[in-house]
Amino acid sequence: MIADVEVATLARAWGIAKPTHVLANVATTIAMKKPAAGLDGLIVGETAISTLDHGLHLRGFAIEDLVRQATYSEVAYLLLHGELPTHEQLADFRAILAEAAEVPPAILQLLEELPLHVAPMDALRTAISALAHFDEQPNETDDTASLGKAIRLLGQVPVLIAARQRLTRGLELIDSDPELSFAGNLLSLLTGRVPTARDERALDQSLICYADLEFNTSTFTARIVASTGSDLHSAVTAAVGALKGPLHGGANEDVLDVLLAVDSPARADKFVRDAIAKKRRLAGFGHRVYRDRPDPRAVVLKDICRELATTDEQHRLEEIAAAIEAAMWLHKQLRPNVDWPIARLYRMLGFDAELFTPLFVIARVAGWSAHVLEQQRDNRLIAPRANYTGPPPRTFVPLRER
Ligand SMILES: CC(C)(COP(=O)(O)OP(=O)(O)OC[C@H]1O[C@@H](n2cnc3c(N)ncnc32)[C@H](O)[C@@H]1OP(=O)(O)O)[C@@H](O)C(=O)NCCC(=O)NCCS
């Protein structure tokens, strides 16, 4: 608390005879150091789940190793339980996930009846919130209940996204196939076809890249909600709302617009210079933390995109992307983030752009849930302060006298 003498100084400056409680609070906020805009660089908590300190590590494992050697199911297990699963643990986890994938008919009906103009990401946010009403333990927040909800959501979210996609196109819904991998089942739910091993692996790798990233904005949102004692569905619903924004997860839906607008590697340099001159932000570039070093997910996914590209159009898009990358580095010293290659990867898998951010949600449910569990295990309400910049205390004038 600020010293009485400083309150008295402020009271004198504002011509207030008797220092009040409100004045003391205002004096305190003024005395606080002004935080960097956007909480840039501020450490706001502790986590044992992931760190960006040296690249990206999830529970101590480098993202490159996980992408090249693990599956998304193993990574989701790792995030939720803290250790990689054994064969047996993974088989059990996959069986529980498959069982959890059932979605109540009322939710499917809701997804069918939402107006057609509602974007998949908005429909998903609504459906996740509505799922809470059908959950076995809607408001329970103990460890077992939250883990159960997390696993149910992990299984259900792919079904929600595929159902909305197929219902709005008048297509039959596809049943989950417990024999398929997480990514294979997701592809099957969406397309109705047996996935190729190549597509399945590429989608799986993208989900691993999206699974968790320390205290990013949507995860912090989830933790704030959890810190109030609220439930996991509320935290995840809020996190989906945060992820949707174009500065966060929503950026992946805008990346293709950039690539297609450039249309040829030769036009990349001028396009980038014009964008910078107009102070336009190019989706897929820049990162709050990965500024002085590359986003490791973008590096590994760029290689995967090159490995995946087979058609002339896909090779051409890779060349355009490389030309834009070079120009962004030359003119603004900005590097690509995870969304830059992932948009190309999802296009190669045949997804519409409006599905890109919902796919991000599927992956991040594991990370959000792990963070909610961590917050609940050692909770203190997250309730920060602000520097007050409004008018000093003043005399209220009743309406009749204004
Ligand atoms: C991610 C992002 C929000 C981080 O923002 P931030 O940490 O607040 O970055 P800053 O505002 O400090 O940016 C520093 C400078 O780089 C510029 N910049 C940042 N990202 C840019 C981008 N994608 N395209 C063009 N310029 C960009 C800013 O305009 C600013 O320029 P200035 O100093 O001339 O004013 C930002 O890079 C961005 O908007 N990227 C595009 C959206 C995106 O891809 N989001 C997904 C992130 S994983």
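Is E313 buried, partly exposed or exposed? E313 is partly exposed, at a relative accessible area of 40%; buried means under 20%, exposed over 50% and partly exposed in between, with a 1.4 Å probe and protein chains only.

These legends describe a predicted model, in which local features need pLDDT of at least 70, side-chain atom pairs count only at pLDDT 80 or more, and totals for chains, interfaces and linings use all residues. Residues are numbered from 1 along each chain as its sequence is written, and side-chain values use heavy atoms, with hydrogens and water left out.

**View 1. Salt bridge between R347 and E313.** The two side chains meet at 2.7 Å, N to O; a salt bridge is a side-chain nitrogen of Lys or Arg within 4 Å of a carboxyl oxygen of Asp or Glu. This pair links distant parts of the chain, 34 residues apart, with R347 in helix α17 (residues 339-348) and E313 in helix α16 (residues 312-332). Helices are DSSP runs (H or I, at least four residues), numbered from the N terminus. R347 is partly exposed, at 30% relative accessibility.

**View 2. Salt bridge between E136 and R152.** The closest N and O atoms of E136 and R152 are 3.8 Å apart. E136 is exposed, with a relative accessible area of 63%, whereas R152 is buried, with 15%.

**View 3. Salt bridge between D274 and K270 within helix α14.** The N to O distance is 2.8 Å. D274 and K270 are four residues apart in α14 (residues 268-277), which means that about one helical turn separates them. D274 is partly exposed, with a relative accessible area of 30%.

**View 4. Crossing of helices α13 and α17.** The axes of α13 (residues 251-262) and α17 come within 8 Å and cross at roughly 80°. Axes are lines fitted to C-alpha atoms, for helices over the stretch in contact, and angles run from 0 to 180 degrees between N-to-C directions. The two helices are therefore roughly perpendicular (65 to 115 degrees). Contact means heavy atoms within 4.5 Å; on the α13 side the contact includes A251, N252 and V255, and on the α17 side W340, I342 and R347. The residues of this contact divide into nine nonpolar, one polar and three charged. Ala, Val, Leu, Ile, Met, Phe, Trp, Tyr, Cys and Pro count as nonpolar, Asp, Glu, Lys and Arg as charged, and the others, Gly among them, as polar.

Technical notes
Parallel < 35°, antiparallel > 145°, perpendicular 65-115°, else oblique.
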